[in-house]
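Please take a moment to look over the sequence and the fold before reading on. The paragraphs below are meant to be read with both in view.

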Amino acid sequence: QDSKLPSSVRSTLLELFGQIEREFENLYIENLELRREIETLNDRLAAEGQAIDGAELSKGQLKTKASHSTSQLSQKLKTTYKASTSKIVSSFKTTTSRAVCQLVKEYIGHRDGIWDVSVARTQPVVLGTASADHTALLWSIETGRSLAKYTGHVGSVNSIKFHPSEQLALTASGDQTAHVWRYAVQLPTPQPAADTSQQLCGEDEVECSDKDEPDADVDASSDCPTIRAPLTSLKSHQGVVIAADWLVGGKQAVTASWDRTANLYDVETSELVHSLTGHDQELTHCCTHPTQRLVVTSSRDTTFRLWDFRDPSIHSVNVFQGHTDTVTSAVFTVGDNVVSGSDDRTVKVWDLKNMRSPIATIRTDSAINRINVCVGQKIIALPHDNRQVRLFDMSGVRLARLPRSSRQGHRRMVCGSAWSEDHPVCNLFTCGFDRQAIGWNINIPALLQEK
């Protein structure tokens with residue numbers, strides 16, 4: 001009570017020390033679990049030392065076996081402490097960044113989980129969502145009203161991408177096709193927004209239960225225009241089409257499928273131009289370069305591949321093995337960089353000029369889903385299986401974590417994200433299994449970005 005520190009500084013310090021206490025509490029719990037594992041292993045070794053095939057195990061053999069097991073446990077302890085220490089350092093960075101992330105709008109209307117979210121690149125700027133309920137919806141960003149519903153697919157709609165210059169959308173589906181469809185929407189007049197208090201991205205939001213999800217009976221899309229048929233249907237895959245994207249210029253499109261291939265199509269004629277083979281397991285994502293004829297595909301085979309179509313006579317491919325589990329997505333970013341995310345709980349930033357090792361590695365506590373990079377501000381958005389969304393810069397420094405409490409944020413796995421760099425209100429959108437998309441305002445100080 002007698003502190004002479006300003007109240008804002010004092011409250012920041014108290015919050016920081018509270019975070020440190022929680023991190024060390026987690027370390028203590030992990031320690032107890034590891035001690036239990038050691039005791040269990042010791043009991044097992046003692047039992048094995050009494051008799052193996054009816055013969056007693058010599059002290060030397062027992063010592064060797066115990067030494068080997070102890071070495072493994074020692075390595076595990078080191079790994080655990082290293083990961084925990086990284087969490088503590090990350091907490092310091094988050095608190096000192098003072099990045100403000102404010103929930104602006106929720107987009108509720110789908111009847112099943114939302115796999116993907118995208119923002120139109122032409123006027124009018126609308127939000128698109130792709131859902132397991134077999135539909136894609138277009139939304140007014142300002143009002144949260146649905147403007148159009150696409151119902152041409154007979155399977156889950158797994159991704160949505162907008163044409164670079166026309167009012168066309170490209171959707172990929174579990175019905176083994178990708179559709180190109182035209183939309184014409186008129187934005188409603190925005191209503192005055194309710195005043196919502198800004199919230200710092202901290203670590204003390206209240207956890208919420210999976211029961212707190214949008215009402216299944218709510219259907220905000222019931223009165224919006226319905227688009228029932230595509231302009232073009234791309235049919236060549238023998239399995240689920242998990243993702244699709246436009247090549248630069250918008251005359252060609254690439255699709256990624258669970259049949260282990262990616263296909264390049266001429267959109268106007270629907271003809272298959274190239275079938276990209278080589279992945280050993282199902283593909284999980286595909287992404288095109290914004291200015292060059294380059295494609296990157298990711299797969300469950302723990303690799304991602306770079307396909308080069310800049311020279312019409314040569315279609316080269318490079319294979320990159322930087323992960324130990326499924327590569328859930330790989331995307332192009334500023335300059336010659338690629339960012340890849342994986343179920344191995346890491347994100348890696350690569351330089352296309354030297355792909356032998358990543359220039360930055362981000363280690364997290366949960367599998368990563370479809371990542372997205374804000375090109376202008378060089379910020380990576382990481383949606384996680386554990387319902388968190390974290391923001392990092394290109395050097396691997398954590399900038400913020402989106403708020404999540406009983407009142408706001410996602411209540412189930414976050415599947416995808418999309419930046420809208422020019423939108424004045426919402427500039428990051430996320431979507432998840434809780435059947436909603438959320439628009440966020442992200443305010444990160446310029447000084448922090450320079451660091």
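Predicted model: local features only at pLDDT ≥ 70, side-chain atom pairs only at ≥ 80, totals over all residues.

We can begin with the backbone. Most residues other than glycine have a negative phi, and most peptide bonds are trans. Against that background, the peptide bond that runs from Q123 to P124 is cis, with an omega near -5°. P124 itself belongs to the loop between β2, which covers residues 114-119, and β3, which covers residues 127-131. Two residues can be picked out for their phi: T302 is not a glycine, and yet has a positive phi of about 75°, while K378, also a residue other than glycine, has a positive phi near 60°. T302 is found in the loop between β16 (294-299) and β17 (304-311), and K378 is in the loop between β23 (372-374) and β24 (379-383). With a relative accessible area of 24%, T302 is partly exposed, and K378, at 45% relative accessibility, counts as partly exposed as well.

The side chain of D301 does, however, reach the backbone nitrogen of D280 at 3.0 Å. Not counting residues up to four places away in sequence, D301 touches H279, D280 and Q281.

From here we can turn to the interior. In soluble globular proteins, nonpolar side chains tend to be buried together. In this model the largest nonpolar core has 25 residues, of which F304, F332, V339, I380 and L382 touch the most other members. The elements that give two or more residues to this core are β16, β17, β19 (327-332), β20, β21 (346-351), β22 (360-363) and β24, and β19 gives the most, with four residues. Leaving aside neighbours within four places in sequence, the contacts of I380 include V339, V349, I362 and L391. Apart from this core lies another, of 18 residues, among them C101, A400, L428 and I442.

S340 lies in strand β20, which spans residues 337-342. Is S340 buried or exposed? S340 is buried, because its relative accessible area is 0%. Beyond neighbours within four places in sequence, S340 is in contact with residues including F304, V327, A330 and I371, and the side chain of S340 makes a polar contact of 2.9 Å with the side chain of W350. S340 and T303 are 37 residues apart in sequence, while their C-alpha atoms are 9.6 Å apart in space.

The last stop is strand β27, which covers residues 414-419, and six of its six residues are buried, so this strand is largely enclosed by the rest of the structure. β27 pairs with strand β28, residues 428-432, in the antiparallel sense, over five bridges. Within this pairing, W419 has L428 of β28 as its bridge partner, and L428 is also among the residues of the 18-residue core.

Notes
Residues numbered from 1 in each chain as written. Heavy atoms only, no water. Buried < 20%, exposed > 50% of the residue type's maximum accessible area, 1.4 Å probe, protein only. Contact = heavy atoms within 4.5 Å. Polar contact = N/O pair within 3.5 Å; in protein donor to acceptor, adjacent residues only side chain to side chain. Core = buried A, V, L, I, M, F, W, Y, C linked by side-chain atoms within 4.5 Å. Pairing = 2+ DSSP bridges.
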